[in-house]
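Please look over the sequence and the coordinates shown here before reading on. The paragraphs that follow go from the confidence of the prediction to the fold and then to the domains.

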Amino acid sequence: MQPQRPQRSEELLFALRSWRFLLFAVFLTVLALGSGSCTKKEGNLNLLVWEGYADPLFVRGFEEKHHCKITASYMGSSDELVAKLRGGSASNYDVISPSSDVATSIVNAGLAAPLDVSRFPAYAQLSPQLTSLPLVKANGKVYGVPFLWGPNPLLYDTTVFPEPPQSWAVLWDPKYKGKVSVWDDLSTPYMAAQILGFDRPDPAAIYNLTDEQLEAVKKKLLELKPNVRKMWTTGGELTNLFQNHEVVLAMGWPLMTTQLRKLNFPIGETIPQENTTGWIDHLMITARSENKELAEKFVEYMIEASSQKLATDVTGYAPANPGAANLMTAEQRKLLHLDDIDAYQKRIIFWENVPRRAKYNEMWNEVKAAQ
Amino acid sequence: MYSRAYKTIITLPPLVWVTLFLLVPYALLFAYSFWSVTPDQVVVHNWNLGNYAELLRTPVYLQVLFRSMRIALSVTILSLALGFPLAYYLSFHCHKHKSLIYQLVIIPLWVSYLVLAYAWKTILGSTGVLNTLLMYFHIVKEPVSFLLYSQFAVILTLVHIYTPFTFLPIYAALEQIPRHLIEASQDLGATPRQTFRKVIWPLSLPGVIAGATFAFVLSFGDFFSPLLIGGPGGIMISNVVYSVFGAAYNWPLGAAISFCMLVLVVALLQCAEHGERRWSFS
């Protein structure tokens, strides 16, 4: 009798089978992980854009015309966009909408595809003030088209300020101790640099401050801190701060003005005499997109006057195509300052790539950490 | 007994999991902390200690690190001060509605963290529940502003969130204490205070240590409370890490800070484990 034998071989067989099974399981897992990037069917576009930039109001028209499906992911900040693109998921998206602060570094990192502007008939209609900027150009090629833009204006509670404040300096007024909110973003140091006059004669100098200038900005911001109730991080948060009467003054976006007006909150918006910073959001096609042709058509569609008008309706931001103004009511034109667009744009120093972003950030962290 | 194949199948998945999702990421984090980033924000693999030097040179990082530890310590002490009496009461003196009270205590664990933070916002705000009440009863004339957007609010919220975390292990430890030990202590003429000091407290120490570790480690790395309800000067170390990774695109420096945090936390966990083993009953 050999009772042990068959048992051993059975065991061996089982081991063998289980190894095969395991290999198979690993294979399946790899397949499942890999297919994440293969789910993009031809004829579909994946967007990674700001909230509101893929609203059904205007995207559906494109989907119907081209029989495709548009899937949008939203980003919470420029940082998140860059982190996702650099983190290796660049191939998951076809179209992105970086703001002008990170647009240049995305181009320099080779994450965006060069565009042949002759394939975008609407490109010629765009505001030359925007297309002439060097933000998304490198080696004589264009890597993005302007989509929407806007300022970072001073917002104020009109029950406290019957007249719009004239200067950003009002934020420092001891009368408004604990009644001010600023954006938890480098835009706040830019604003302090403007108050200190570092934007003269060259406005872009605020994006290239020296160490001494940064030190002065830091000092100025530290003086502001007793007045700051809360640094806001999302649009909804600032809207809330005004609504709950936590603050009466803030640096904000036109989006919050639109939101608060809808809620019948007495909000005012102004660009003080020192001017302000602002942003231009560009549409870009990622270098690794597999649907470049369809993406091109989508970008063209998005900068046509009719879609631009709808995008403006949704977001409250200004359209890059001035032709959109012709489709608006006189009131809407006035609200967006499109009736006097050249003068208005001149008051905005659009965000640029900040070569010493890490240094700026370190200073901003020091300001935030101080008690 | 168990065949080798069985053992392989049982051990392989956790091994793969730990390697893929813990060891490899930690190794990457460690490697990143020795690299550097060019002004064009490209990470270069030139091994150096620059990030750690920067960490020591720039006061802001250590300052925020110590502040986070201080906040975490306050949260730990307060959570213990709330969690221990609660667990003690429930374990020794509550008989009737024991399970009901138990459920009530751990309910905050089931509620999303963000909801809890937002709830405190509506309570502590200038037009919030508390200020409205205070003004209604003419206790104050102006809304009390230090309640919200301050370190006070951060600590309060964290204590609220992490008290169940300290409560649970302490309660488990107290429940495990054999009741005849307490009876023996009483039989031998110990006063209630002596029984507590010489029997209950030492036997509950493993639970206390586990609870304190939970509260400290979780609140040390907290990100949302300072962001949502912290004051303009109340950022914690996770907020700094976030901005260094994000706004500054300096992954190597962010990795260096994260690695220091990791070392601190692991060291603390080791001490806690050592303490738990030393004082554990049996």
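**Confidence, fold and domains**

In this predicted model, chain B averages a pLDDT of 90, and 99% of its residues score at least 70. For the complex, the predictor gives an ipTM of 0.83 together with a pTM of 0.82.

Taken along the principal axes, the box that the C-alpha atoms of chain B fill is roughly 75 × 75 × 35 Å.

Of the 282 residues in chain B, 35% count as buried. Among the contacts in chain B with a separation of 6 or more, 72% are accounted for by residues 24 or more positions apart.

Turning to chain A, the assignment divides this chain into domain 1, which covers 44–149 + 279–341, and domain 2, which covers 151–277 + 354–369. The C-alpha centres of domain 1 and domain 2 of chain A lie 27 Å apart, and four residues of domain 1 of chain A are in contact with four residues of domain 2 of chain A. On the side of domain 1 of chain A that touches domain 2 of chain A, the residues divide into one nonpolar, two polar and one charged.

Notes
Residues are numbered from 1 along each chain as its sequence is written. Chains are lettered from A and ligands numbered from 1 in the order in which they are written. This is a predicted model: local features need pLDDT of at least 70, side-chain atom pairs count only at pLDDT 80 or more; totals for chains, interfaces and linings use all residues. pLDDT is the predictor's confidence in each residue, from 0 to 100. A residue is buried if 20 or more other C-beta atoms lie within 10 Å of its own, exposed if 12 or fewer, and partly exposed in between; C-beta atoms are placed from the backbone. Two residues are in contact if their C-beta atoms, placed from the backbone, lie within 7 Å. Domain bounds come from an automatic or database domain assignment. Ala, Val, Leu, Ile, Met, Phe, Trp, Tyr, Cys and Pro count as nonpolar, Asp, Glu, Lys and Arg as charged, and the others, Gly among them, as polar.
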